[in-house]
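Here's a quick briefing to read with the model open. Take a look at the chain first, then go through the points by topic.

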Amino acid sequence: NWAALLNEAEQADRCEEITTHLKSSGGSWATSWWGGCIFSSWVANQIMKMQLLHLSLGFETECYGKREYLMIYWYMEYIYTSYLSNLERAADSLKEGYASIK
């Protein structure tokens, strides 16, 4: 159940021991956006990838009627936008972390 896993990941992100470990390991990424939601971001990205795969399979198996295409395309665009936004924020945080090491 991915909803339960996302809930557990959010709890892990708030866990004091994990937060303390991230901060003690150094690097700017530990205090960045990425450092505060490592687990929940990963789970959310996995969920979005599965949603996109599921919707794409509907096209391959011809499950959608032509009248449904607009709705499906809109929803896929919404998911892609959220997915790419999460990846860009993670990449920016990693770049900041690598820059602080140099």
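Is Trp 74 buried or exposed? Trp 74 counts as exposed, because its relative accessibility is 54% (buried is under 20% relative accessible area, exposed over 50%, partly exposed in between, with a 1.4 Å probe and protein chains only). Keep in mind that this is a predicted model, where local features need pLDDT of at least 70, side-chain atom pairs count only at pLDDT 80 or more, and totals for chains, interfaces and linings use all residues. Residues are numbered from 1 along each chain as its sequence is written, and side-chain values use heavy atoms, with hydrogens and water left out.

**Aromatic pairs**
- The count of aromatic pairs comes to six (rings of Phe, Tyr and Trp, the last by its six-membered ring, with centres within 6.5 Å; planes under 30 degrees apart are stacked, over 60 edge-to-face and the rest tilted).
- One of them is the stacked pair of Trp 74 and Tyr 78, at 5.9 Å centre to centre with 15° between the planes.
- Trp 74 and Tyr 78 are about one helical turn apart, because they sit four residues apart in helix H4 (residues 69-101); helices here are DSSP runs of H or I, at least four residues, numbered from the N terminus.
- Ring pairs also tie Phe 59, Tyr 64, Tyr 69 and Tyr 73 into a cluster.

**The nonpolar core**
- Nine residues make up the largest nonpolar core, among them Ala 44, Leu 52, Tyr 64, Met 76 and Tyr 83 (a core is a set of buried Ala, Val, Leu, Ile, Met, Phe, Trp, Tyr and Cys residues joined through side-chain atoms within 4.5 Å).
- H3 (38-60) and H4 each supply at least two residues of this core.
- Neighbours within four places in sequence aside, Met 76 is in contact with Leu 52, Leu 55, Ser 56 and Phe 59 (contact is heavy atoms within 4.5 Å).

**Helix H3**
- H3 has 23 residues and runs 33 Å from first to last C-alpha, close to the 33 Å expected (1.5 Å times one less than the number of residues).
- Buried residues in H3 include Ser 40, Asn 45, Gln 46 and Gly 58.
- Away from its neighbours within four places in sequence, Phe 39 is in contact with Ala 9, Ala 12, Asp 13 and Ile 18.
- Just after H3, Glu 62 takes a positive phi of about 55°.
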